[in-house]
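Biologist: I'd like to learn how to read a model like this one, feature by feature. Could you take me through it, giving the general idea and then the case here?

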Amino acid sequence: GSMLKLCMKPIEERSVRRAERLFEILQLLRRVRTPITADTIARELEVSKRSVYRDMAALLALRVPIRG
């Protein structure tokens with residue numbers, strides 16, 4: 001039989017990527033003056049809408065003041 005090899009990036013690298021994305025979301029939200037959709041953020045950052053929702057939840061958990 002063949003073996004599947006799971007190839008994952010190190011946790012540190014994933015954490016850095018996520019931290020960068022959280023910062024990018026904050027920058028994007030500061031730039032716009034009207035509400036912006038998760039779809040728009042996902043397209044802008046080239047991630048899934050699900051990632052955007054997870055990232056927004058993380059920002060809210062950190063008490064980042066986000067309205068909407």
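Modeller: Let's start with Arg 63, which is exposed at a relative accessible area of 75%. Buried means under 20% relative accessible area, exposed over 50% and partly exposed in between, with a 1.4 Å probe and protein chains only. This is a predicted model, in which local features need pLDDT of at least 70 and side-chain atom pairs count only at pLDDT 80 or more, while totals for chains, interfaces and linings use all residues. Residues are numbered from 1 along each chain as its sequence is written, and side-chain values use heavy atoms, with hydrogens and water left out.

Biologist: What is the phi of Arg 63?

Modeller: Arg 63 is not a glycine, yet its phi is positive, about 65°. This residue sits in the segment after H3. Glu 46, another non-glycine, has a positive phi of about 60°. Glu 46 belongs to the loop between H2 and H3, and with a relative accessible area of 74% it is exposed.

Biologist: How many helices and strands does the protein have?

Modeller: Helices (H or I, at least four residues) and strands (E, at least two) are DSSP runs, numbered from the N terminus. Here there are three helices and zero strands, giving the pattern α-α-α along the sequence.

Biologist: How do the axes of H2 and H3 cross?

Modeller: Axes are lines fitted to C-alpha atoms, for helices over the stretch in contact, and angles run from 0 to 180 degrees between N-to-C directions. Under 35 degrees counts as roughly parallel, over 145 as roughly antiparallel, 65 to 115 as roughly perpendicular and the rest as oblique. The H2 and H3 axes come within 8 Å and cross at roughly 105°, so these two helices are roughly perpendicular to each other.

Biologist: Which residues in H2 and H3 meet?

Modeller: Contact means heavy atoms within 4.5 Å. Ala 38, Asp 39, Ile 41 and Ala 42 from H2 meet Lys 49, Val 52 and Tyr 53 from H3. The residues of this contact divide into five nonpolar, no polar and two charged. In that sorting, Ala, Val, Leu, Ile, Met, Phe, Trp, Tyr, Cys and Pro are nonpolar, Asp, Glu, Lys and Arg are charged, and the others, Gly among them, are polar.

Biologist: Which residues make up the largest nonpolar core?

Modeller: A nonpolar core is a set of buried Ala, Val, Leu, Ile, Met, Phe, Trp, Tyr and Cys residues joined through side-chain atoms within 4.5 Å. The largest one here has twelve residues, including Leu 22, Ile 41, Val 52 and Leu 59. The elements giving two or more residues to this core are H1 (11–31), H2 (38–45) and H3 (49–61). Leu 22 touches Asp 55 and Leu 59, not counting residues up to four places away in sequence.
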